[in-house]
Amino acid sequence: PTEDCSPATVSVLSSSLVIACTILDLINLVLQPSHPQFMTVLVQAPDLFGAIHIAVPLLDMKRYSKLLAGASWMGEYGDPDTDDWENFLHKYSAYHNIDATRQKYPATLLTTSTRDDRVHPAHARKMTKKLWDLGEGKDWPVYYYENIEGGHGGAADSKQEAFMTSLAYDFMWRALTSSLPN
């Protein structure tokens with residue numbers, strides 16, 4: 001991260017990882033992951049982030065191959081019904097690595113699309129429910145939005161895309177300025 005913490009400071013590390021500074025003296029990180037390895041930072045390194053937006057997420061790596069297009073990704077991610085699960089795949093399953101003993105997780109927004117034909121919306125639904133249940137009485141602010149149209153991109157047209165982008169940036173801004181609704 002940069003030492004310059006002005007509101008205009010934004011460093012793009014990849015198309016899916018954005019580091020931004022707030023107007024505060026502290027550096028806060030905002031993550032918008034789009035790959036399972038990045039999504040695991042919610043559970044592997046939650047203290048690094050002030051907010052996380054996870055869009056159309058692939059989170060349950062134990063069952064991903066049984067939902068929609070998941071079986072076609074086994075060559076890339078591995079087969080969860082073989083030794084791949086124990087050897088490496090479980091490490092990238094954010095759904096299976098939530099630490100129920102943690103008192104704090106960063107503010108998290110999960111967004112999905114009912115009509116996503118690649119990553120089943122069950123990933124976001126299940127993760128949200130699990131975080132809500134395990135985080136009851138703890139500092140685990142979790143928000144969820146499901147677009148009933150669109151596809152894997154989360155939006156059906158440019159108007160919806162603009163809305164989804166606005167939703168994500170508004171969430172991140174509010175999270176980093178401590179103005180999220182309860």
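1. Basis. Residue numbers start from 1 along each chain as its sequence is written. In this predicted model, local features need pLDDT of at least 70 and side-chain atom pairs count only at pLDDT 80 or more, while totals for chains, interfaces and linings use all residues; side-chain values use heavy atoms, without hydrogens and water.

2. Confidence. Mean pLDDT (the predictor's confidence in each residue, from 0 to 100) is 79 for the protein chain, and 77% of the residues score at least 70. Over residues 1–27 pLDDT stays under 50.

3. Helix α5. The 13 residues of α5 (122–134) reach 18 Å from first to last C-alpha, close to the expected 18 Å (1.5 Å times one less than the number of residues). Its buried residues (under 20% relative accessible area; exposed is over 50%, partly exposed in between; 1.4 Å probe, protein chains only) are Ala122, His123, Ala124, Met127, Thr128 and Leu131. Their cover includes α2 (41–44), β5 (107–113) and β6 (142–147).

4. Lysine 126. This residue of α5 is partly exposed, at 28% relative accessible area. Beyond four places in sequence, lysine 126 contacts (heavy atoms within 4.5 Å) Asp60, Arg63 and Tyr95. The C-alpha atoms of lysine 126 and aspartate 60 lie 8.5 Å apart, across 66 residues of chain.

Key. Helix = DSSP H or I, 4+ residues; strand = E, 2+ residues; numbered from the N terminus.
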